[in-house]
Amino acid sequence: MQPMGCRSLTDNLDNIYMLSVQMILVAIVVLSLSGLPGCLCSSRSMAGQRIAVFLMVLASLTGLGGIAVWLKQAAVSALSVPWFLPWGQFSVTVDAISIVFLVPVFVVPMLGAIYGLRYWRQSEHPENGRSLVIFYGLLAGAMALVVVAHDAVLFLIAWEMMAIAAFFASTAEHDYPDVCRAGWIYLIATHIGTLCLIAMFALWRHETGSFALASAQGVSTKFAGTLFVLSFIGFGFKAGVMPLHVWLPGAHANAPSHVSAVMSGVMLKMGVYGIVRMTALLPVTADWWGGAVLTVGAVTGVAGIAYAIGQNDIKRMLAYSSIENIGIIMIGLGLALLGRSHSRPIWVLLGLGGALLHVWNHSLFKSLLFFNAGAIIHACHTRNIDRMGGLAKQMPLLMLLFVIGAAAICALPPLNGFASEWLIYSGLFDALGLDGTAGFPAAAIAAVPLAMIGALAVACFVKMFGAVFLGAPRREMANHHGTLPAGMILPMAALALGCIGVGLFPMMTTTVLDNASKTWASLPGQTASIASAAPLKWITLMGLVLVAFIGLIAFALKKHTQTRIISKAGTWDCGYARPTARIQYTGSSFGQMLVRLFAFILWPKTARPTTGRLFPELAQFKSMVPDAILDRVVTPLFGVLGTYLPMLRVLQRGQTHLYVLYILVIVIILLIFSGIGV
Amino acid sequence: MAFAMILFPFAMAATAAAVPSNRLRPWLLPLTAVFFSAATVFVLMRPALMTTSPWLILDPPGRIVLLAISTLFLFCSFYTVGYLQYRKERSNRVFCACMLGFLGVMSIVVWSHHLGLMWVAIEGTTLVMAPLIYFNRTPRSIEATWKYLMIGSVGIALALLGTLFLAYASVQAGLESTLAFEDVLQNASLLSKPWLHAAFILLLVGYGTKMGLAPMHTWKPEVYGEVPGVVGAIFAGGVTSCAFLAVLRIYQICLAAGEQAYMSRMLLLMGLFSMTVAGLFMVNQRDFKRTLAYSSVEHMGILVLGLGIGGPALFGTLLHILTNGLTKGVLFLSSGNIHRAYDSKSTDVVRGAMRRLPLSGTLFLAGFLAITGSPPFGPFVSEFTILNGAFDAGRFWTAGLFLFLLLVIFIGMGKTVLAVVQGSAPAQVGQTPYRDGLLTAAPIVLLMGLVLLLGLLIPAPLNTMLHDAVSYLEGRP
Amino acid sequence: MTDTLIHVVLLITLPPLLPGVINKTKAWFAGRKGPSVLQLYYDLIKLMRKGMVISTTTTWIFIAGPIVTLAAVLLAGMLMPISGFKAPIAFAGDLILFAYLFGLARFFTTAAAMDTGSPFEGMGAAREVTFACLSEPALFFAFLVMAKLSGSLMLTCMLHTPAGGFSSAMVAPLILVSIGLFVVLLAESCRIPVDDPNTHLELTMIHEVMVLDHSGPLFGIILYSASMKLFVLGTILLHIVLPLQAETMWMNWPLFIVEIIGLAIVIGIVESIMARLRMCHIPGLLIAAMLFCGFGFILLMRYSQ
Amino acid sequence: MTDLLNAVLVIILVMNLFALGTSRIRAVIRTVSVQGILLGVAALLVHQHLTIPVALMIVVAIVIKGLLIPSIMMRALRDAQIKREIEPLIGFLPSIILGALATAFAMLIAGQLPLASQHYGTLLVPTSVATVIVGFIFLVSRYKAISQVIGYLILENGIFIFSLLLIEAMPVIVEMGVMLDLFVGIFVICIIINHINQAFSSMDTRKLVSLKE
C-alpha cells in the first residue's frame, strides 16, 4: 500500500485525489473540537451539547462524503506535510483498509451523539455533562485520525488521545467507586498496550529506518515475528482479546450507554485495525502467526460468550458478547493470515472479507443493543436483568428493535451477522482443502467453536430478551418513562435498518471489501472477488424466501383464525394455586445450566446457605460469575505487590545519619564496580 | 552580559530585602523574571554576547538550561505573587530575597566555565534554597531544612573532592594544573586515568546528590513534602537542572578523554537504579507531594540514563531537561493549590479535586499524564527519543527495562493521582476559603500549554539549539 | 421439475407419518394396539379446527414462535436433498444456512416460551438452548467430514454418494459420524433418551414443556414443524447411513420412503428399549456424540494425509 | 621539609582518632579547631616559596577553620547547654577502631593512586582520605546535631588537605569562594541547630524523624 508519493500540502490542494483526504481531515478536526464551543455556554444549559451534536453531525457527514468521493476513484490517496518533531512528517493516507474502518467511526459516534442529546442531557448532568461532550467528540476525532495516520508518531499521538478521551468519557460519573475502579483498570491496561506499541514502533524504525507506516516486506523474519507479537499484544489490549480483556467489561458497564456503544462498537475495532494494518505492512511468511490468531480468536469467542451468559448485569453481558465478536473477527483474520503464508488468495478473501464485514456488522448491532440497554436502564433504574421483566408491554417498539439487534448478533438469517459469519465459515471449510489440495485442516476445526459460539449466543440473548422484556414485571417498575423520546428511537432505528439492509443485500459491500483485501495482501493470482468466491446473491435470495415464508404462514394463520374464538387467560400455572411474578425463571436460573457446564473456564462463585438444623431461619443462595482473569489473577497479584513492596520503606525512616551512610556506601560500591585498581 | 545577568538578580534581591511593604515586595519577582527572561532571549539570539570572559561562557548546554529555568521561573514568579497573598500572616522578605538570589546563583552556574566556580555556585544554590524550605517555620520544616543541609553539604563536599581529583589528574599527568573548563577539555585525553575515574565517581555522587539520584535522593521526599508548591517547582525544575548541567560537564570531559564505555556503565546503573527506587517507593504512596518527589527522582534517573546511552539519545536527554522542568512546574504548582484547598497532603482526605478545584485538579491530572510520557505532551517526545536512541545504540535490554519501569511508575503514580482528583470530597474536609485565582491558576495553564506545544512541535530555533548542544557535547565543531 | 414437486409434496405430507410409526412400534413392543399411524394427521386437523387460548402475559413473540419455526424448518427442508435427487435449493455454503435456520427456530421457540412467564416453560427453554450448544458442534464436525469427503460445500453434493461408493478407508469415520448424528437427531427432535414426548411431568420435559401454553392452530403448527424437523434430520442421517441407490432414478422415491419409515421404526425401538436419561446425564451423552463426530473427522484427516 | 609535613599530618590523623574517642563535645570542637590551625601550618610547609595571595589564603583558612567556626559552634553549644555526646550509634571504642581501620584502608587506596613526582613520600593523600572517612564515621554514628556538624567539618578538613596538593592550581578566588561557602554553610547549619534546639528543646537528631515513609 504505497502512498502515491508524498507531496506537500500546497501543490495538491487542487488535486481531485486529495479532495477525499481533505474532507476527512476537516471532519477529524471538527469532530475533535466539537465540544469546545460548549465551554462558552453555561454548563447547566443544553446549548453547548446542542452545538456539539450539530458540529458532530456536520463533521461526520463531511467525512462520509469524503469516503464517497474516495470510493469514486478508489486509489490510495496520501497527504503529508513536514512536521517539527525530531522525526519525520505529519502524513496521512486513505486506502481501502482505512475506508473500511472509517465508516463506523463516522456513523456510530454521530448517532450516539444524537442519542445522548436525550439520554445524557447536559442540563440534567451539570457536573459532568460538559466534559463528557468534549471528550466524546475528541474520542471520535482521535479514532478517525488513528485510522488515517501514516506516520508512527502521529499514530501514537492519535492512539493515546483516543485512549485518554475514552478514559475521561467512560469515567464521567467518577463519584462512584465502581466507576473509578473500572476507569483505573482501563487506564493501566491501555497504558501497557501503548507501551508495547511504543516499543514496537521504536523497533520498527530501528528496522525500517523511518517512522513511515509504509510496506516493509524486507524486514528479517526474526524481527517481523517480534514486531507482530508486540503489535498483537499492544493492539490486543485495546481489542479485548482474551486474556487481555480484563479492562473491558468494567469499563463498558460503567460508562454512559452511548459511550459504551462507541467504545464497544468502534473503539475495540481500532485494536483490530492496528493488527490488520501491521500485518498488511509486515511480510507474513510463518504460518504460526495465523495459527496463533486463529486459536486466540476461538478461545476468546467461546470464553467471551460463556462469560456473557454468566452475568446478570445487562451491560456486562453486552460487553462480554463484544469480546466474543472480537473472537469471531480474529478467527477470520487468522484464516486470512494463513492464506497469506500459504499464498491461498481465497482464504484471504473470505477470511479478511468476513472479518471486516463483521467489524461493520458488530458496530451496527452492538451499538444498537447498547443504545437499547441505555433506554432499558433509563426505564428500570437498574442494570440487573433479574429485577426487570415484562418491559415489552410498556415499550413494544424498543422490544422490536431489541429483537432485531439480538437476532443479528446471534447471526441468525436473514440479518447481517449471518452474512459475515457465513463468509468466515466458507473460508474455514475451504481450508479443508476441498479441491484436493493440502489445505490446512487444523484451521477448519475452528468452524466447530464458531458453531458453538453461535449456539451460545442464542442462549445468551434469549436469556437477556426473556429476562428484560418478556413475562410479567418482576417488581413494579418505579416511575417508568412509558414512551421513549424519538431522539433515542431514531438512532436505534437507523442502526436496525442497517442490520437488515446489510443482512439482505451483503453484496453491496463486496467492492470495498475486495479493495481492502487487495490492499492487505497482493498474492499471485488474486483476481477473484468475494462475490465470486462465495455466492452472496443466494444469501439475499434465501433471506427474501424466508421472509416470504414467514409472511405467508402468518397471513394464512391470520385468515384461518379469523373465524375462530380467541380467548384470553392467565398463563397456565400447572395447577399451582397462587403464582406470582417472582416464580418466573430469572436470567440467572436460565443461564445456570450452561454456567455449570462451563464451570471449568468460568469458575463461578456460589454462596450456599447451610440449612442443617431444624427450623432453619431465612437463608438465601447467591451465585455470580466474576471475571476469572481479573478477580483471580490480576487483582490478587496487585494486592500482594501492594502489601509487600511498601516494606522497602524501612530504608526511608527519617534518620539523617543513615542517609549519609547510603552516600558513603554508593561511593564505595561504584569504586568497586569501576574496578578499584583505579 | 554575563555580569548583567548575574548581578541584576542579586541587586533585585537586595532591593527585596530592603523594600518594607509586605504587599508590594512579591511584585519584584515578576518584574525581575520578565527582565531576566527578556535578557535570556536577547542573549540566545546574539552569539556574540555569549562569551564574556574565559570563565564566563554560555555554551550550548548552558543555553538550554538557562532557557528552561528562566521560563519556569517566569511563571513561578507570577504564581508566587498569588501564593503569597494567601500567606499574609508572615513576612515574605527572606522568601522573595532568596527566590531572587536563586535566580542569580543559577545564572552563575549556567555561565560559569570553570569547574571550581561552578562548584561554588552550586553550593550557593544549596544555601539560598535552605531558607525557602524553612519558610513555614514549623518543626517539620526545620527537620526538612536540616536534612537537606546535611545531605546536600556532604554531597557537595564529595563533589569538591572530585573536582580536586580532576585537577590533580592533570597535575599527575604533568600538565599545567587548572580547572578552567576549556583547558581541561583541551587535554582531556592526557589526564591520568585513575584520578579521572575516581573524580568521575565522586562528582557523579556529589552532584547526583543535588540532582537527587537514588540512593542519594533521601532528602527529596522529605523536603518536597514540606515546601510550598512553588519552591518545589523551583527545586524540581531548577536546582536539579543546575546539578545536571554540572554532570553534563563531567560527561563531556570523560567523553573527550575517551572514557565513554566506562561512564556508560555507571550512568546506566545509576539511572535504572533511580527509576527502580522511584517506582518502588511510589507504590501505595498516600502523600501526593512525596509522590511528586519520587517522580522527580525518576526523571533525574531518565536524564542520567539518556547520558549513559549517549550518542543518539543525547538530543532527547537535553530536550528532557526542558520538558521535565516545565511539566514539574505544572505538577508542583497545581499540587500546591490542591494542598492549600484541602489543607492536607494525604489521599485519605484529599479526594475529588476535580470537583473542588476544577482547574487545578484537571491540570494536576494532565500534568500526571504528561510526566508519565503519554503522547501528545512534551515528555513523551523526549522519552521516546531516548528510547529510540537506546534501540539505535543496540541496547535492547536497557530499552525494555526502561519501558517496564515507566509502566511501574505510571501505575504507582496514577493510583495516587487518581485518588486525589477523582471521586467526591469527603464531608469532614475543613472548608478552606481557597479557590483558584487568576494568579495561582493562569501560570499553570500557560505552562501546560507550553508542555503540550513541545509535544506537538519543536520550534526550529530550539531544534538548532539542541543540535548544537549535542554536537558540542560530542566535541564536534 | 417433477423431482422438485415430489420433494415438496413429500416434505409437506410425509412428516406427520413418522411419529405415528414410532408410536405404533412402541405400542407393538409394549404389546398394546396403540393409536393409528395416521394419528398425528387426525390431531392436526382437529387442532386446526379449534380456537385458541392466549395468555394475557404474552406478546406477539408468543405467536411468532411457531410461525418462524415452521418457516425455518420448511426452508431447511428445501435445502436438504432426498436420496439421489438435487435439492430444490442448492448453493455452495447452504449447509451453514441449514444449520443456522434451526438456530433461528430455536431462538423464537424459546423466546415464545419465555414470553408466557411460566417457570416451567422457562425451564424448558433453558434446557433447549443448553443442549443445542452441545449438539451444534457435533453437527458441524459431521459437516466437516462430509465436506472433506465430497470436496463440496453444497448439501446436495455432500450427501450424494460418490460414484464408486466410499473407499473402505472412509467407513470407520462414517460409522463414527453416523452414530454421533443419530444422537443429535434424537436430541434435536426430543426423543428418548434425551426427552420424553409423552410424559406428563413438566419438570422432566424439554420440548413439550415449552409449548404448554400454545393451543389450537398454533399448537398444531408446533407439532407439525416438530415432525418435519424429525423428517429433515432423519433424511440427512439416511444419506450417510444407507447411501443406497436404485438402478432406475424414479425408484429412489419409494426406496426413500421405505428408508425413512425404517428409521422411524428404529427410533421407536430405541425408545422402547431405553429409559429416559436423568437430565444431568444428557450433556454427557451429547458430548459423547460430539467426540464421536470429532474422532471421525480426525480419522479422516489421518487417512487423507 | 617533607618529614616535617608528614609529622604534622600524622598528628592530624591522631587527632581524628582522639575526636572519635572522646565524648566531651567541647573537647572535640577544640580538637577540630587545632586541626584547622595545623592545616594552615601544613599549607605553609607544602609551599616552599610563598606568594602574597597564597599567604592570604592560608591566613583566611586558619582564621575560618581554626577560630571562627569553632567559636560559632561553641556558642551553639552554650545555647544548648549540653556537654557530652550521648552514647552514639557506634560506641566510642569501636569508632576508634573503625577510624584506625579507615586510616589503614586509606593508605591502601592511596597506594593505588599514582602521584605526581613532586609529591612522592608525602602522606597528603592517605591523610586526606582517612580524614574524610573519619568525617563520615562521625556523621553516621553520632546523634547530637552538633557532633554531626563536627563530622562535616572534619570531612571538609580532609578535603582541604587534598587541596594542598594543588594549591597553585586552584585560583585564589575559587579557594576564597570555597572557604566562604564552607563558612556560610556551617553558619546556616548552626542557625538551624539553634532553631532545632528551640523547637525540640534538644539536639538529639533521633527526634528529627517525623518525616519518613
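User: What does C:Trp253 count as, with 18 C-beta neighbours inside 10 Å?

Analyst: C:Trp253 is found in helix H11 (residues 252-273) of chain C, where helices are DSSP runs of H or I with at least four residues and strands are runs of E with at least two, both numbered from the N terminus. A residue is buried if 20 or more other C-beta atoms, placed from the backbone, lie within 10 Å of its own, exposed if 12 or fewer do, and partly exposed in between. With 18 such neighbours inside 10 Å, C:Trp253 therefore counts as partly exposed.

User: What kind of model is this?

Analyst: Residues are numbered from 1 along each chain as its sequence is written, while chains are lettered from A and ligands numbered from 1 in the order in which they are written. Local features need pLDDT of at least 70, side-chain atom pairs count only at pLDDT 80 or more, and totals for chains, interfaces and linings use all residues, these being the limits set for a predicted model.

User: What radius of gyration does chain C have?

Analyst: Chain C holds 12 helices and one strand, and its C-alpha atoms fill a box of roughly 60 × 40 × 40 Å along the principal axes. Buried residues make up 59% of its 305 residues. The radius of gyration is taken over C-alpha atoms, and the globule rule is 2.2 Å times the number of residues to the power 0.38. For 305 residues a compact globule would have a value near 19 Å, and chain C agrees with it, having 19 Å.

User: How are H5(C) and H6(C) arranged, roughly antiparallel or roughly parallel?

Analyst: Two packed helices are described by the angle between their axes and the distance between the axes. Here the axes, which are lines fitted to C-alpha atoms over the stretch in contact, with angles from 0 to 180 degrees between N-to-C directions, come within 9 Å and cross at roughly 175°. Angles under 35 degrees count as roughly parallel, over 145 as roughly antiparallel, 65 to 115 as roughly perpendicular and the rest as oblique. H5(C) and H6(C) are therefore roughly antiparallel.

User: Which element gives the largest share of the side of chain C that touches chain A?

Analyst: Two residues are in contact if their C-beta atoms, placed from the backbone, lie within 7 Å, and the contact takes 62 residues from chain C and 62 residues from chain A. Elements giving two or more residues to the chain C side include strand E1 (52-55), helix H5 (94-115) and helix H6 (119-150) of chain C. The largest share, 18 residues, comes from H6(C).

User: Which residue in E1(C) does A:Ile566 stand opposite?

Analyst: Two strands pair if DSSP finds at least two bridges between them. Strand E3 (residues 566-569) of chain A and E1(C) pair in the parallel sense over four bridges. In this pairing, A:Ile566 stands opposite C:Met52.

User: How many charged residues has the side of chain B that touches chain A?

Analyst: In this contact, 51 residues of chain B meet 43 residues of chain A. Ala, Val, Leu, Ile, Met, Phe, Trp, Tyr, Cys and Pro count as nonpolar, Asp, Glu, Lys and Arg as charged, and the others, Gly among them, as polar. The side of chain B that touches chain A has 35 nonpolar residues, 13 polar residues and, as charged residues, three.

User: How far apart do the closest C-alpha atoms of chain B and chain C lie?

Analyst: Among the four pairs of chains that touch, the most contacts are between chains A and C. No contact joins chain B and chain C, and their closest C-alpha atoms lie apart by 41 Å.

User: What does A:Val147 count as, with 28 C-beta neighbours inside 10 Å?

Analyst: A:Val147 has its place in helix H4 (residues 129-148) of chain A. Not counting residues up to four places away in sequence, A:Val147 touches A:Ser98, A:Phe101, A:Leu102, A:Val105 and A:Tyr273. Its 28 C-beta neighbours inside 10 Å make A:Val147 count as buried.
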